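Let's take a walk through this structure together. Have the sequence and the 3D view open side by side, and follow along from one topic to the next.

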Amino acid sequence: MKRIDVHCVLGSSANVKLEITSEQELIDSLDYYNIEKAIVIHSMARDLDPISGNEKMLDWTRREDKLIPCFVLSPHYKYEMGWAETEKLLRKERIRFVRIYPRLHGFTLHGAHTREIFEMAAKLHIHLLIDHSEMIDAHGKDMEIFESLLKEHPAVNVILTSVSHRNNMVIYSYLENYPNFYVEFSAYANMLAYEEAVRRFGSERLLWGTDMPFRMPGSAITMLSYADISMEDKENIAYKNMEKLMEG
Amino acid sequence: MLIKEYAEQGKPLDHVLVIDVHSHLGSSPSIYMPSASKEKEQAILFTTMLDQVGVDYAIVSMMRGLFTNQLEANLDLARLMEVHRKLLGYVTYIPSWQQKSLEIAEQCFSSSDRFVGIKIHPDVNKYPINGPDYAPMWEYADSKGLLVLVHTWSQCPYSDPVRLLDIAEKYKNVTVLIGHSGGVEPGVTTAIELSNKYENMYLDLTGVFLCSGRPLDYFVSQANPDKLLFSSDAAFNSLTWDIGNVLYARVSEEIKEKVLGLNAQRLLKSFLIR
């Protein structure tokens, strides 16, 4: 089955020893796992500097058709070039996906920076990705501000990634209440994860992702391939929903 | 057809033996689990999934017998295993209920040939693996040559796998499955070292792919492939998630077959499996 991976990272990490250690190895792995395209950030944009990391990501996405650029956006841009220039850059590069790391990048979900990024995303019809670990408090509970952002910015589709399976009831609540909420299940290892989610909310806001190279994609593949849901739902999750987001 | 190709198409793994050595029936307070309050219904859901993936056997323990002191749940499991022949069982042991745990265990082992060992969860029961209240269980398991599946997690006060050092030396007739292979580092390294050092220690793989990010390829490179056991932690986790890491690993078909079922079959040689 055709697959588009919404959650992929180019580059290596200083924090953990990975099986995939270079950009090219990751691209080669897409073939091994039959992944047609992947939405990618560069690890440097997350772990070191968003601006130079995004440039590095663009170097790769320009020369490799399988890779779809995802910008890591942060207030670093505001203070380096201003939001207006950042907007121009995003338009010029035809960016459809932006990822934020408020905790890692020194801003907060509650603050003005996040509101400004959401406003820019709404204006440019950009979809916004965020890891679950970036929106939980010190006790591991989801911060209320996340729901407020979903409510206050209905024009911005928010894609939650790396959700732990222990949070399934919270995810159900987001899917139930916010039509602009999307989620991928690379770490959502619940029994009957897809079956339960599709039965309750349909398949249209479920996306397929791997978190490669931090997780190997085999688990994401089999959780979908063995799911007891219709082929239409499987295709929606594997690539059709993502294609709509890429076009829309 | 390669094992990976079955997975790609979502076809049951009918041509290989698959044994899930770590699964459960019942509920857990922090997550929603389908039919969690109706164990009979959940057993049907679970065994349907086993058929769908082509899993031959799953060794289950009852959540009620770990999270509460309803140790009678083990007797309910005995009845469920009569209906669902793919299910084998672990009896649960709670250290603060030693006498009752052993009485129920004895009833289970004498009345059913479907039980293969004991499951303990030192974190849930807040008692260290090598503490004296677990000693009667270790002695019982040692006398019967049972499997003991021990939940372990790195640096947790009760379940750190380093606590198994004492056990391996003392109870040589027990086959210890190191639950979750320690979960995350440095526990994973400790678990691998234990399995490499002691003949009777095996690595139970559920949760460790998810939480440590280490794929099967890593365990194959660091540990004896004969000591690696596929497991799912269902119904708490997803069997279809965990198995993918094995099916798509960049290791030989022979190793995949060992991990999926042949290693467990060797441990269960006295039980009636194909």
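In this predicted model, the contact between the two chains draws 29 residues from chain A and 30 residues from chain B. On the side of chain A that touches chain B, helix H8 (168-177), helix H9 (193-201) and helix H10 (218-225) of chain A each contribute at least two residues. Sorted by class, the chain A residues that touch chain B comprise 16 nonpolar, eight polar and five charged.

Now let's turn to chain B as a whole. You can trace 12 helices and eight strands in chain B. Its radius of gyration is 17 Å, close to the 19 Å that the globule rule gives for 274 residues, so chain B is as compact as a globular protein of that length. Laid along its principal axes, the C-alpha trace of chain B spans about 50 × 40 × 35 Å. Of the 274 residues in chain B, 55% are buried. The contacts of chain B also reach along the sequence: among those between residues at least 6 apart, 76% join residues at least 24 apart.

Next, zoom in on a pair of helices in chain B. How do the axes of helix H5 (residues 98-111) and helix H6 (residues 135-144) of chain B cross? The two axes come within 10 Å and cross at roughly 20 degrees. Because angles under 35 degrees count as roughly parallel, H5(B) is roughly parallel to H6(B). The crossing of H5(B) with H6(B) is right-handed. From H5(B), the residues B:Gln98, B:Ser101, B:Leu102, B:Ala105 and B:Phe109 take part in the contact, and they meet B:Pro136, B:Met137, B:Tyr140 and B:Lys144 of H6(B). By class, this contact between H5(B) and H6(B) has six nonpolar, two polar and one charged residues.

Where does it sit? B:Tyr171 lies in the loop between helix H7 (164-170) and strand S6 (175-179) of chain B. Is B:Tyr171 buried or exposed? B:Tyr171 has 20 C-beta neighbours inside 10 Å, so it counts as buried. Leaving aside residues up to four places away in sequence, B:Tyr171 touches B:Trp138, B:Ala141 and B:Asp142. For a sense of scale, pick out B:Val246 as well: B:Tyr171 and B:Val246 are 75 residues apart along the chain, and their C-alpha atoms are separated by 31 Å.

Note on methods: Residues are numbered from 1 along each chain as its sequence is written. Chains are lettered from A and ligands numbered from 1 in the order in which they are written. This is a predicted model: local features need pLDDT of at least 70, side-chain atom pairs count only at pLDDT 80 or more; totals for chains, interfaces and linings use all residues. Helices (H or I, at least four residues) and strands (E, at least two) are DSSP runs, numbered from the N terminus. The radius of gyration is taken over C-alpha atoms; the globule rule is 2.2 Å times the number of residues to the power 0.38. A residue is buried if 20 or more other C-beta atoms lie within 10 Å of its own, exposed if 12 or fewer, and partly exposed in between; C-beta atoms are placed from the backbone. Two residues are in contact if their C-beta atoms, placed from the backbone, lie within 7 Å. Ala, Val, Leu, Ile, Met, Phe, Trp, Tyr, Cys and Pro count as nonpolar, Asp, Glu, Lys and Arg as charged, and the others, Gly among them, as polar. Axes are lines fitted to C-alpha atoms, for helices over the stretch in contact, and angles run from 0 to 180 degrees between N-to-C directions. Angles under 35 degrees count as roughly parallel, over 145 as roughly antiparallel, 65 to 115 as roughly perpendicular and the rest as oblique. A crossing is left-handed if the near helix is turned anticlockwise from the far one by less than a right angle, and right-handed if clockwise.
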